[in-house]
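Today I am opening the notebook on a new model. I will go through its surface, its cores, a hairpin and its salt bridges.

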Amino acid sequence: MISKNTLKIYALSVITVMAFTFPAYSAVDDIPMVDAIMRKSISSYDFPGLKKRISLDIRAMDITQFLKFLATEGNLNIITSKNVSGPVSLLINDVTIGDALEIALSMNGFAYQVKGNIFTVMTIAEYKTMFGVDFYDQRETATYQLKYASPKNVAAILGNVKSDIGKIVYDDSTGTLIVIDTPAKVREMDDIIDKQEIPTVSRVLPTETKVYELKYAQVDVVKDEIAKALTTDIGTMRSDIRTNTIVVTDLPHQLEIIDTIVKAFDRKTREVFIEAKIVEVTLSDKFQWGVDWDGIIRLAGDLTGATLTPEVYFPLTLTGAFGKMTFQTLTGPSANAILEVLGTVAETRILSNPHITVEEGKESKIEVIEKQPYEEETTTTASGGTTTASKSYQWVNVGVSLNVTPHINEDGYISILIKPEVSSISAWYGGAAQAAGSVPVVKSANAQTTVTIKDGVTIIIAGLVKDNKTKTVNKIPLLGDIPWMGMAFQKVSDEIVRTETVVFLTPRIVSGDNTFLLEKDMPKPSKGIRQ
């Protein structure tokens, strides 16, 4: 007969058991340690039904029926795996449902898992398959990071203290010591470790020392990267700027990583040889808005293999007399061949033809500048009322300025940051041109872009259009020079000439071992040119 709080089944024998729980344990504060998470008892879960107290007297009751009874009495959610079976016998008086459930499961060799508000009962074998550990294993794990004592020596001492189920693992190179044992034994061994880990004890580390004599990179740059890779509290580094040398002491496996870092930074700096041509094209009515490069290529006729990419605009769009700035790349004929064709349809003049070699990642500057003077007058009034005037000349730079910064990637392509600027004097403020007190008004067109091209491909920067105003005086000799009356014997006319500045850039990767200037005019391979 089952009453509200008591289930009595008379038995020939009675087994009385007790449930044990183990308190959590933490290590001393001055030694880093990670404790294993102890299995919680069922009564410690915050379910009201587990606190309900009952008395039971049963013998050979099926475990599934027993669990169903406890679930009903405690308003609990209990499910069982298909392998949970067998009888259960209990004689308990005034205990909580949580304790009764844990006693029954432990005596019959079953495990459980709590997820949400559901208890899942399973066999110990099923639990070990799921989680990789024995459900009733009382061992815990503590990890120590020793700073002074030798893990090998401490492990030898602890080997005489650990229990039969305990285990000691250590790594002398990193100072790591791992203790696996019962909570009581872990507490005992923790006291021993605390006494061994003192500053007066110095462990011998299996470190190695290596000298890096840098060939290309600077010590100040490389040592900052090496410092990030050193083993904490173990690795050390010294450097000498005079000999460009770094000495590193660290664990062998960490030195392999540092080798890779040094190799990456201390490599031979590659260089880029840049052949530039800055050309001024006088635009006729046919090309008043700029050179038609597709038309120039068609006019080339027998220059087979020429390929001109579609026009690409710079980020900065300019309006007015300067039009718009563009760049295009050219493979096939050389810049000289294109200039020959361009010279047949327009008047061209090479302003500059510089050749420079620059290290990758460094900025190089090409300038074709005219220093334009203008007069500046300064008036000074003394305390006595005396006024004096002094004249001086100031200079303003106008012309073409080109800044390039090349980078080389692993595939042999060159990525160039290009910043061209074309400036000219468009007017004079405060008077006639170059008159006393007048100041030049400088108009400039500039842009910035990055182009990625193959070694030896020519970049054409165009669209740098400007108007040049020319004043022409035609007069009758002698008569035209007579003051005031001479104006009747002369004719003054203003002519506006529109020009476009075109920049040809041909970058090539060089090793720095040979004189590339003598090789720049050699025939270039035609591989990769679109026919």
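Where is Val 133 found? I looked it up: Val 133 sits in the loop between helix H3 (124–131) and strand S7 (140–145). Helices (H or I, at least four residues) and strands (E, at least two) are DSSP runs, numbered from the N terminus.

A note on ground rules before I go on. The model is predicted, so I keep in mind that local features need pLDDT of at least 70 and side-chain atom pairs pLDDT 80 or more, while totals for chains, interfaces and linings use all residues. Residues are numbered from 1 along each chain as its sequence is written, and side-chain values use heavy atoms, with hydrogens and water left out.

I checked how open Val 133 is, and at 44% relative accessibility it counts as partly exposed. My cut-offs are under 20% relative accessible area for buried, over 50% for exposed, and partly exposed in between (1.4 Å probe, protein chains only).

**Entry: cores**

Next I went inside. A nonpolar core here is a set of buried Ala, Val, Leu, Ile, Met, Phe, Trp, Tyr and Cys residues joined through side-chain atoms within 4.5 Å. The largest one has 35 residues, and Phe 66, Leu 67, Ile 78, Val 88 and Leu 105 have the most contacts inside it. Among the elements that each supply at least two residues of this core are helix H1 (63–74), helix H2 (97–107) and strand S4 (87–96). I also found a second, separate core of 22 residues, including Ile 274 and Ile 453.

Which residues does Leu 67 touch, leaving out those up to four places away in sequence? I listed Ile 78, Thr 80, Leu 101, Leu 105 and Val 121, with contact meaning heavy atoms within 4.5 Å.

**Entry: hairpin**

I then followed strand S11 (residues 236–240) to strand S12 (residues 245–250): they run antiparallel and are joined by five bridges. Two strands pair if DSSP finds at least two bridges between them. Thr 236 has Thr 249 as its bridge partner in S12. Four residues lie between the strands of this hairpin, and Asn 244 takes a positive phi near 55°.

**Entry: salt bridges**

I noted 15 salt bridges in the structure, each a side-chain nitrogen of Lys or Arg within 4 Å of a carboxyl oxygen of Asp or Glu.

- Asp 94 and Arg 53 meet at 3.1 Å, N to O. This pair links strand S4 with strand S2, 41 residues apart. Asp 94 is partly exposed at 42%, and Arg 53 is partly exposed at 44%.
- Glu 275 bridges to Arg 508, with the closest N and O atoms 3.2 Å apart. Glu 275 lies in strand S13 (residues 271–282) and Arg 508 in strand S25 (residues 490–510), so the pair ties together parts 233 residues apart in sequence. Glu 275 is buried at 9% relative accessible area, and Arg 508 counts as buried at 9%.
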